[in-house]
Amino acid sequence: MTTEVLTIGKALNLGLRKAMEDDAKVVLMGEDIGKLGGVFRITDGLQKDFGEARVVDTPLAEAGILGTAVGLAMRGYRPVCEIQFDGFVFPAYNQIVTQVAKMHARSRGMLSMPIVIRIPFGGGIGAVEHHSESPEAYFAHTAGLKVVAVSNPVDAYWGIQQAIAAPDPIVFLEPKRRYWEKAEVDLDATPDPLFASRVVRGGDDVTVLAYGPMVKTALQAAEAAAEEGRSLEVVDLRTVSPLDLDPVFASVRRTGRCVVVHEAPTSLGLGAEIAARITETCFHSLEAPVLRVGGYDTPYPPSKLEEDYLPDLDRVLDAVDRSLEF
Amino acid sequence: MTAKTSITEVVDPVPGADAPHLPPGRGQDLVQLLTPEGDRVEHPDYSLDIGDEELRGLYRDMALVRRWDVEATALQRQGELGIWASLLGQEAAQIGAGRAMAADDMAFPTYREHGVAWARGVDPLHVISLFRGVDNGGWDPVATRFNLYTVVIGAQCLHGTGYAMGVQRDGAEQAVLAFLGDGATSQGEVNEAMIWAASFSAPVVFFCQNNQYAISVPLERQSRVPLYQRAAGFGFPGVRVDGNDVLAVLAVTRAALAAAREGQGPTFIEAFTYRMGAHTTSDDPSRYRLASELEEWKLRDPIARLKAHLSRSGAADAAFFDAVEAEADELAVRIRRGTVEMPDPAPTSMFDHVYAEQTPPLAAQRAEFVDYHASFEGSRA
């Protein structure tokens, strides 16, 4: 067994390196990902070792990155596109939604789009506008795309490799404010499937669902709740589309209560869909309505206000209280 | 305070053109090898060594494609197609470009490249099926090396460029022909494609059919310079060719594809032509263009000029033209019969290729759909 203590950022870097070693068709594309190693250094050292044809510093145009990735995929390559920040994905939105997502269906399966779209997402880093957003619902709403969000170094290391090996286009969301979080990663392990949610803390009173950066917040809330004698079960959804809700249904049938947490605006966010699913499936087990804790329905605010905007431990606990009081 | 110019003022014709929607004369940056009257002329940069059989083949291609187009328009009018995008008037541009391609070159069409489809061996019924609403194009884009139609304007230029980057990485001697129209030159993605192609010297040729109108909006709203001059700003050659001259289109496109295969990078070709019909069967061109303009262009018909040349040079006789006419009649019958007899797709098929690896939620939705429809007598699902 080979284990290493890795940050999420380093785990992604090693995972990308492994994927490139395993398959010569893997090509990384993005802005500043070569010499600089990306603004978050996720691709650090890869251009030096794999060359400029496989780690491509692209012109500064996101639609160009995704549009040329479509052509490379048609030619048998497996492009991994880095979008520098969440808010910069929108120039590429047309290519992602009208082309990447639809090509397989359009061609009745004759053309595959094994493209990974890496996006550092979410807030909490004190950045300027467009650098702190959570655009997952846009992509989860688009048939043909799959969307995953990692929360820890183990899933980062394995997940990026699994996403690259998968035959469908995947929006791969990286929790940018957690890039520096560390954990021990077993590099010889058999990883969990990519499209599976996971119970990360057992509990009996309330089920708390989160993904990406909010998993840590949910776990902190569970820790605090435990001190007050409340037992929260925390599920890391891991996959946003398709949702893997069977473990969630099993949990909610036991606890009867559920709180969904995400940074994205609450209205019409993932929490709304999840609440509907739980209600349809677990109606007779529910003791309280499914509650949502999310960003407000405002543009992501200037950073001096982001602590007010983002769900935190207290807002999760407040929702837990409201659920238990129902 | 008054504005220097009114925002409603009609803009000047595109500089470099004698009239906004008529081709410039020969010698004014217009490659022409066959005059509108059907006379063979030489061009200093582009020569074409072509035999009589190949000439007759080009005529046959254009005549059959036109008949297909006329039949499809009629089928739409009779309610058999939801819509049809006519290529009438653009046969030379499309057949010239399509026949310039080598077998393993790759084409990225818009939604009007029926002539190129024909040249790539795509069955007309596989194009018709898209416009009938049966599928999104029934042909195999890998086997025909003719991608499926792209409806979002200009998006395919990036796909072609990316594909060409793959060709480069494979070290293959192939080129890509990416199609676009005059309107598409205003799209950001098209400009991005040209930047990418130039920066990576990708083996891609951008083939722009300037048919003068983007639905109703004329060329002068898209560009203040002749389109081929745009290429200079991106750093690669731009060529304007008489788009109604199949020989010139063939020569120019062949040369550009050869240059791309040899590692010389991209070329932008502006095929100056005219959409003789409507944008689609839903359109009414009488609202935005003059009848006199159409009459001018009728004199430049791409098929008539090759016919004149073939007749005058003795490369084809009346029997040949009769045979092509008979073949066109047969094709029209086949297209008509094939269209009306085309089966609808299985209702469940909409679920089947959303993903390469089906997801459990979508599989469940499909099962619900099947159960729901099974609850009705005589269900198709």
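Predicted model: local features only at pLDDT ≥ 70, side-chain atom pairs only at ≥ 80, totals over all residues.
The buried positions of helix 12 of chain B are B:V324, B:I335 and B:T339. Helix 12 of chain B covers residues 318–340, a run of 23 residues, and reaches 33 Å from its first C-alpha to its last, close to the 33 Å expected at 1.5 Å a residue.

The buried residues in question are B:P124, B:V127, B:I128, B:S129, B:L130, B:F131 and B:R132, and they pack against helix 1, helix 3 (114–119) and helix 12 of chain B. Helix 4 of chain B is followed by B:G133, a residue with a positive phi near 90°.

A further helix pair in chain B is formed by helix 2 (residues 91–100) and helix 9 (residues 246–261), whose axes come within 8 Å and cross at roughly 35°. The crossing of helix 2 of chain B and helix 9 of chain B is right-handed. On the side of helix 2 of chain B the contact is made by B:A92, B:A93, B:I95, B:G96, B:A97, B:R99 and B:A100, while helix 9 of chain B contributes B:V246, B:V249, B:L250, B:T253, B:R254 and B:L257. By class, the residues of the contact between helix 2 of chain B and helix 9 of chain B divide into 9 nonpolar, 2 polar and 2 charged.

At the level of domains, the assignment for chain B gives domain 1 (52–340) and domain 2 (346–381), and the centres of domain 1 of chain B and domain 2 of chain B, taken over C-alpha atoms, are separated by 37 Å. For chain A, the assignment gives domain 1 (3–186) and domain 2 (198–325), with 26 Å between the C-alpha centres of domain 1 of chain A and domain 2 of chain A. The contact between these domains of chain A takes 24 residues from domain 1 of chain A and 22 residues from domain 2 of chain A. Helix 6 (136–140), strand 6 (146–149) and strand 7 (170–175) of chain A are the elements that give two or more residues to the side of domain 1 of chain A that touches domain 2 of chain A, and strand 6 of chain A gives the most to that side, with 4 residues. In terms of residue class, the side of domain 1 of chain A that touches domain 2 of chain A has 11 nonpolar, 7 polar and 6 charged residues.

The contact between the two chains takes 33 residues from chain B and 35 residues from chain A. Helix 5 (141–144), helix 6 (155–170), helix 7 (188–200) and helix 13 (360–374) of chain B each supply at least two residues of the side of chain B that touches chain A, and helix 6 of chain B gives the most to that side, with 11 residues. The side of chain B that touches chain A has 17 nonpolar, 10 polar and 6 charged residues.

Within chain A, A:S323 is found in helix 12 (residues 313–325). With 23 other C-beta atoms within 10 Å, A:S323 is buried, and, leaving aside residues up to four places away in sequence, A:S323 touches A:V206, A:R257, A:V259, A:A288 and A:L291. A:S323 and A:D205 are 118 residues apart in sequence, but 9.8 Å apart in space, C-alpha to C-alpha.

A cis peptide bond, with omega about 0°, joins A:S241 and A:P242, and A:P242 is placed in the loop between strand 12 (239–241) and helix 9 (246–255) of chain A. A:R41, although not a glycine, has a positive phi of about 65°; A:R41 lies in the loop between strand 2 (26–30) and helix 2 (46–50) of chain A and is partly exposed, with 15 other C-beta atoms within 10 Å. A:R108, likewise not a glycine, has a positive phi of about 50°; A:R108 lies in the loop between helix 5 (103–106) and strand 5 (116–121) of chain A, and counts as partly exposed, with 17 C-beta neighbours inside 10 Å.

Note on methods: Residues numbered from 1 in each chain as written. Chains lettered and ligands numbered in written order. Domains from an automatic or database assignment. Contact = placed C-beta atoms within 7 Å. Nonpolar A, V, L, I, M, F, W, Y, C, P; charged D, E, K, R; others polar. Axes fitted to C-alpha atoms, helices over the stretch in contact; angles between N-to-C directions. Left-handed = near helix turned anticlockwise from the far one by under 90°. Expected span 1.5 Å × (residues − 1). Buried ≥ 20, exposed ≤ 12 C-beta atoms within 10 Å, placed from the backbone.
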